[in-house]
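This report goes through one protein chain, part by part. Please keep the sequence and the 3D view at hand while reading.

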Amino acid sequence: MHSIPMESSSCYTKRLSRGCRLCRKGTKMVLLVTGKCGESCYYCPLSEAKKGKDVVYANELLVREDDDMIGEAVAIGARGTGITGGDPLMVMDRTVRYIRLLKERFGPGHHIHLYTATVDREKFLRLQEAGLDELRIHPPIERWNALEELRIAEAVEDLHMMVGFEVPAVPGELEGLLSICRHAADIGLDFVNLNELEVSETNCQALLGRGFHVRSDVSSAMQGSMEISWQVMEEAGDIIPVHFCSSSFKDQVQLRERLKRRAKRTARPMDLITSEGMVLLGVIETDDLEEAVRSLEEQDVPPELFKLDEKRKRLEVAAWVLEDLAAVLPFRCYLVEEYPTADRLEVERQPLN
Ligand code: SF4
């Protein structure tokens, strides 16, 4: 069946799940509820900071208390949340609590999908009762040709939330991927999501050791993953909605849209926002930040156009102000470009004096 093209080489047959439609607009928060998982898939892309660790992240923010997570959802104007891991079902009480909290705070229309490698009817029922809207099951690759053994049909019988499979499109695994689609259709699931296989710091050895290659020097996608997804859609896209989500779609569409939303909502009067959703800012670095503040006051810079950042030991100044003043200030001055994310990751700096 012919697929319907999306941005950045992503595509789908029939229809997209609601979770994916919201993700496409950058309106979903990614909530990693734990890095722990009972499986050990060789292709698992989870970073070193998260893999096997019992940590919680809301997008890039390390969550220490519930308000951190709620604050991040507000900052991006989230209309939904994707709960992921590790395996969220390893920390069932926490996961259920977060689902309830999000629904209470943002209303029943806040769409929540969840990814898991666990097949457990009791847990699925608890999630559904808490308000989960969409369940995405990831059968580990060694079970793709023996899916009946997982007894997924019994586990999802009569659930009223949407249920689908979500797996990486592993090159060379056409039979397994077709088996995933056929089984999904046989047991009445709603969709199959295929993620483009990506290399990361943690799965690099395992992927390269299996003879996989990256698509190009500037891509983390593996060669052949997109092509095998096309084949799967061609052969099975008419029996079940199949969605291929490319690696570049995640960066160029989902992430960029989310950054733009966050930048727009969190920008201060001193922040300049680029068309890509990045923040442009002037930064003064000196051992005597108090003195730098006094200098700006002497130059009659309005107080809303500069701010002391104690944590990062720097004075932030509106870019256009610092560009004008840098030549007469006895401090190191820079023009800095940063992500508008909670961790404010710096991507570029240019000295101004
Ligand atoms: S099930 Fe998912 S999170 Fe767990 S090891 Fe496999 S890819 Fe990683």
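## Terms and basis

A residue is called buried if 20 or more other C-beta atoms lie within 10 Å of its own, exposed if 12 or fewer do, and partly exposed in between, with C-beta atoms placed from the backbone. Helices (H or I, at least four residues) and strands (E, at least two) are DSSP runs, numbered from the N terminus.

The model is predicted: local features need pLDDT of at least 70, side-chain atom pairs count only at pLDDT 80 or more, and totals for chains, interfaces and linings use all residues. Residue numbers start from 1 along each chain as its sequence is written.

## The chain as a whole

The chain has 353 residues, of which 42% are buried. Its secondary structure consists of 11 helices and 17 strands. The C-alpha trace spans about 75 × 45 × 35 Å along its principal axes.

Two residues are in contact if their C-beta atoms, placed from the backbone, lie within 7 Å. Among contacts between residues at least 6 apart in sequence, 70% join residues at least 24 apart.

## Two domains

The chain is divided into domain 1 (4-262) and domain 2 (268-351); such bounds come from an automatic or database domain assignment. Their C-alpha centres lie 38 Å apart. The contact between them takes 8 residues from domain 1 and 7 residues from domain 2.

On the side of domain 1 that touches domain 2, helix 9 (residues 247-266) gives the largest share, 4 residues. This side of domain 1 divides into 2 nonpolar, 1 polar and 5 charged residues. In this grouping Ala, Val, Leu, Ile, Met, Phe, Trp, Tyr, Cys and Pro count as nonpolar, Asp, Glu, Lys and Arg as charged, and the others, Gly among them, as polar.

## Strand 13 and its partners

Strand 13 (residues 279-285) is mostly covered, with 5 of its 7 residues buried. Which strands pair with strand 13? Two strands pair if DSSP finds at least two bridges between them. Strand 12 (residues 272-273) runs antiparallel to strand 13 and is joined to it by 2 bridges. In this pair, Leu272 stands opposite Leu280. The two strands form a hairpin with 5 residues between them, and Gly277 in the turn has a positive phi of about 90 degrees.

Strand 13 also pairs with strand 16 (residues 332-338), in the antiparallel sense and over 7 bridges. There, Val283 is opposite Tyr334. With strand 15 (residues 314-317), strand 13 pairs in the antiparallel sense over 3 bridges, and Gly282 is opposite Val317.

## Strand 9 and its partners

Strand 9 (residues 162-169) is mostly covered too: 7 of its 8 residues are buried. Strand 8 (residues 134-137) pairs with strand 9 in the parallel sense over 4 bridges, and Ile137 stands opposite Phe165 of strand 9.

Strand 10 (residues 191-196) also pairs with strand 9 in the parallel sense, over 6 bridges. Here the bridge partner of Val167 is Leu194 in strand 10. Strand 9, helix 6 (residues 174-186) and strand 10 make a right-handed β-α-β unit. A crossover is right-handed if, with the strands pointing away from the viewer, the path from the first strand over the helix to the second runs clockwise.

## Around the ligand

Which residues are around the ligand? They are Cys37, Glu39, Ser40, Cys41, Cys44, Leu46, Gly85, Gly86, Asp87, Ala117 and His138. A residue is near a molecule or strand if its C-beta atom, placed from the backbone, lies within 6 Å of it. By residue type, the shell around the ligand divides into 5 nonpolar, 4 polar and 2 charged.

## Two loop residues

Is Gly107 buried or exposed? Gly107 lies in the loop between helix 3 (92-106) and strand 7 (111-116). Gly107 is exposed because 8 other C-beta atoms are within 10 Å. Gly107 and Ala263 are 156 residues apart in sequence, and their C-alpha atoms are 24 Å apart in space.

Arg215 is in the loop between helix 7 (204-209) and helix 8 (225-236). Arg215 has 19 C-beta neighbours inside 10 Å, so Arg215 counts as partly exposed. Leaving aside neighbours within four places in sequence, Arg215 is in contact with Ala221, Met222 and Gln223. Arg215 and Leu135 are 80 residues apart in sequence and 30 Å apart in space, C-alpha to C-alpha.
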